[in-house]
Amino acid sequence: MSDPIDPAVAEDVRRPSYGQRRRDRIDALAQAGAVDDTPGVSLIRGAWLRLRRNPVFLTGAAITVCFVVLAIIAPWIAPWDVTARPLLDEVRPQTNPVPGPQPGHPLGGDDRGRDLLSRLIVGSRQTLIVGVFATLFGLIGGVILGTIAGAIGGAVDSLVMRIVDVMLSIPSLLLAFTVASLARSPSQWTLIVSIAIIQIPIFARLLRGSMLAQRSSDHVLAARSLGVKKRAIVFRHMLPNSIGPVIVQATLSLAVAIIDAAALSFLGLGNPDQRQPEWGQMLGLAQRYISEAPHLAFYPAGCIIVVALGFTLMGESLREALDPKTRR
Amino acid sequence: MLRFVLRRLLQMCVVVLVLSMLLFAWLRSLPGGPVSAILGERQTPERRAALEAALGLDEPLPVQYQKFLQRVLQGEFGVSTKVLPGTDALDVFLTRLPATIELAVLALLLAVVIGIPLGYFAARRAGSAVDTTTVIFSLIGVAVPVFFTAFLLKYFFAVEWNLLPVSGRQSTGIDATRVTGLFVLDGILTREWDAAWDALKHLILPALALATIPFAVIFRITRASVLDVLDEDYVRTAEAKGLSTGVIRSRHVLRNAMLPVLTTIGLQAGGLLAGAVLTETVFSYRGVGEALATSFREKDYAVLQVLILAAAVIYVVINLLVDIAYAVIDPRIRTR
Amino acid sequence: MTQHQTIRSSPRSTEPLLSVRDLRVTFQRRDERAFKAVDGVSFDVRPGQTVGLVGESGCGKSVTSLAIMGLLPKRGNTVEGEAVFDGDDLLSLSPSQMRDRRGADIAMIFQDPLSSLNPVITIGRQVTEVMERHQGLSRKEATPKAAELLDRVGIPDPKARLANYPHQLSGGMRQRALIAMALACSPRLLIADEPTTALDVTIQAQILALLKELVVDTGTALVMITHDLGVVAGLCDEVNVLYGGKIVERGGRHGLFRQPRHPYTVGLLDSIPRLDAPRGEKLNPVPGSVADNLPWDSACAFAPRCSHRVDVCTREMPRWDGDDVVGFRCFNPVGGPR
């Protein structure tokens, strides 16, 4: 009928405390990559075979690929320069603050007479940059902390993990706001750094959990018994085997980073420089024209939703594919 | 049970202490230093000197931290510069708090009341079209930024169709008596029904917007958890005993399935504050979230200090309450 | 005691309590081929009798019991055949009629006592709820009876245990509590699905002794499902050996152990470690696994693993050679044809 559930695992899942749910999710993911009774290749291949037929994954992957390609080629396919104001003459602050669609401008313009479609296309770039760099920095920070904690263990481990747990217990968006408010003059780097900081504890806990699961695994014990140096074990055996869960988390983090970046921009904590359009920023600026031109908000918001959904679908199906529980 | 609560309380104190250190570090690294940050740029040199002395900026860090703690415990956070210029920062928080409580409670109530039954329903029909549709909607729900949901609701229900008020907490024409600061409750207590109804109408849209994310999360956790529990051996045992469907569902399935859901609700309750920052901004709803947004944007650090610390404490307290509730329904925690 | 002895010594004199006829269970998962988990199983259980269903995991023994109890998930499973209990075919009863039988007339205990008990409800509540459901007792009335039951299954200090939660009990105590729940409404048939597998060896013996004592005292018929012939030897009046969803051999306990006919039964007996075996003698496990099975329609499923295989085994399905008391399904039985 059903697989019997390991009582130790069940016990662990049900123990609550601060930020427990998030920690559980992270820990479950950390365990997922550390199954060492099957060779790594077949594990990944098995996951891939399942994913290839999974419509959820394919949808997510298609959205993601389109978005990344668009962001890369954006400057070449955008019909207008994002700083040019070809529709300036159409802007009437009193009667018609936002020019509507017209020949050459399928989506119309914004309140300064710039071409909306071009700004949307080029905006994908900033969104991608912020999402990728924030996740990347969060990942690097998390890998460093997690590796230190997982490899050294003992007092260092508990100290690092206590700090990580407190960070995880703060609502992440609030933490991002707080960090962003430290910036003297906000720029896209404010966004990247503040979002990276809220990702660090997630990756740190993930890496450490995954390393702990592997420290007692057979291949690490074998390497240790052969007298392989500790550093070599960590970098050659433990880190590479943690990569699966990290990729999953990174994919999910990208979605969160994009949504959070939009929220920060919306509150005016992001990049105020309108020469670099970004979807969150465009959405924030559109607030003023809610009754006259709601489409000004709908387009960037739609883009954010679709892209975030793409990463989420991909990440969730990857997680499912790696999860031993669903792999029956 | 008592020992469990005490242990949790102790843990909570440690967390708050660590948070206060983080807040202290944050305050020290504010642009322009803490003095400018708290008093604002345009202040008399006397007041600056007074604050510098109070903060003990020339003294070693541990002493500074100790002074900081003292001020925090006495509720001296400084004076608001931007949100409500001239008002004590703590008072700003206290006057704004009821509005956010009202909003958050309604939002969480909506999320729980709709999310749990729907999650249970979806799990019972796992794999069906209804289930797939609801799961896809909940995934989309998580991908939609809260402030855009708020924007959409505001655009359609308030601007386009004119069904509900666009912003604020109470229409200007209404002269209501204030008792608790919770406008709906005030109206009910004083039997000013029109005031209560008016306040409720102002609440609906922001609460709906705020409820979307917790709803989506609670729905998904409930569904996953019920699915897990339905697979458990003890549900089969209950079936083998020939118990009625009602007893199996309530006593054996739901009770166990609620454990992870409860943790999630606690987590979401804390997360509501972040959502309130965005939702309240869209609806110009004068609560703590709007104050946070304004002070973030306008760099009103005196108010920020209070609000961040309060947010953290509220979050930790909610988690404590959840832990206790958890222990009440899970004997494995209570009797360990 | 003597009275039961007489019943036992002449099992054929009474009508069967449960009569399973040609039971078939097919699993149909999406994108996969249909799998026949149970493929035409027939057996009888008479009042007070203990019948064993023996086989490796995957042979269909647990599925058989779950099908009789109506506990198989509705989706993806087809159940055909008959299971006549007390004049009614259990397989064609409505779900609510079946609910009235389960726990009252037929009870079941499961393999893993920890996961089979609800972790957040007291033992007492889990015992009383059966009596509340089937005997119309109030919780207050049922509580002293629950204490008696716990006492009867050998749980010390039963009154205090009523307020305990499953995690506070040891493995053996949990299984005893599950047995108490199953016996709460004095069922006429008890199905035990590997009740000792998850327990320590010493506890296993205690639980088996308890089960034996209880079925003798109460006259409850018992269907014992196990992979362990050692368990069968001490407990069962009649033994059915299952392989690949079919019964391959049936016999009385003594007959089967003294002169097994089917090579699979022989293999199972050979794989039991014996203390009295000569020094240096090796254990003989059955080679291969159920994954090697051939489909029953055109062969003997056991043929690829069988040391007694002859040509016909891979071409034709062996027929049942015998009656509903003794028999086997083999072209080339150990000890020659009947």
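How many residues does the contact take from chain A and from chain B?

1. **Ground rules.** This is a predicted model, in which local features need pLDDT of at least 70, side-chain atom pairs count only at pLDDT 80 or more, and totals for chains, interfaces and linings use all residues. Residues are numbered from 1 along each chain as its sequence is written, while chains are lettered from A and ligands numbered from 1 in the order in which they are written.

2. **Chain A against chain B.** The contact takes 41 residues from chain A and 48 residues from chain B. Two residues are in contact if their C-beta atoms, placed from the backbone, lie within 7 Å. On the side of chain A that touches chain B, α2 (20-32), α6 (154-169), α7 (172-180), α11 (243-266) and α13 (295-322) of chain A give two or more residues each. Helices here are DSSP runs (H or I, at least four residues), as are strands (E, at least two), numbered from the N terminus. The largest share, eight residues, comes from α13(A). By class, this side of chain A has 26 nonpolar, 10 polar and five charged residues. Ala, Val, Leu, Ile, Met, Phe, Trp, Tyr, Cys and Pro count as nonpolar, Asp, Glu, Lys and Arg as charged, and the others, Gly among them, as polar.

3. **Chain B against chain C.** This contact takes 21 residues from chain B and 27 residues from chain C. On the chain B side, α10 (233-240), α11 and α14 (331-334) each supply at least two residues. α10(B) gives the most, with six residues. The side of chain B that touches chain C divides into six nonpolar, six polar and nine charged residues.

4. **Chain B overall.** Chain B has 14 helices and zero strands. Of its 336 residues, 44% are buried. A residue is buried if 20 or more other C-beta atoms lie within 10 Å of its own, exposed if 12 or fewer, and partly exposed in between, with C-beta atoms placed from the backbone. Among contacts in chain B with a separation of 6 or more, 69% join residues 24 or more positions apart.

5. **α1 with α13 in chain B.** Helix α1 (residues 2-28) and helix α13 (residues 301-329) of chain B pack at an angle of about 160 degrees, with axes 10 Å apart. Axes are lines fitted to C-alpha atoms, for helices over the stretch in contact, and angles run from 0 to 180 degrees between N-to-C directions. α1(B) and α13(B) are therefore roughly antiparallel. Angles under 35 degrees count as roughly parallel, over 145 as roughly antiparallel, 65 to 115 as roughly perpendicular and the rest as oblique. The contact includes B:Phe4, B:Met12 and B:Leu19 of α1(B), and B:Ile308, B:Val316 and B:Ile324 of α13(B). By class it has 16 nonpolar, one polar and two charged residues.

6. **α7 with α11 in chain B.** Helix α7 (residues 146-160) of chain B packs against α11(B) at an angle of about 30 degrees, and the axes are 9 Å apart. That makes α7(B) roughly parallel to α11(B). B:Val146, B:Phe147, B:Ala150, B:Phe151 and B:Lys154 of α7(B) meet B:Gly275, B:Leu278, B:Thr279 and B:Val282 of α11(B). Six of these residues are nonpolar, two polar and one charged.

7. **A loop residue in chain B.** B:Glu76 sits in the loop between α4 (61-74) and α5 (89-124) of chain B. B:Glu76 is partly exposed, with 14 other C-beta atoms within 10 Å. The C-alpha atoms of B:Glu76 and B:Pro145 are separated by 36 Å.

8. **Chain C and its α4.** Chain C has 11 helices and 12 strands. Of its 338 residues, 45% count as buried. Helix α4 (residues 123-135) of chain C has 13 residues, which at 1.5 Å a residue should span 18 Å; its end C-alpha atoms are 19 Å apart, which agrees. The expected span is 1.5 Å times one less than the number of residues. In α4(C), 10 of 13 residues are buried, including C:Ile123, C:Val127 and C:Met131. Their cover includes α11 (245-282) of chain B, together with α5 (139-152), α6 (158-161) and α7 (171-183) of chain C. C:Gly136 follows α4(C), with a positive phi near 65 degrees.
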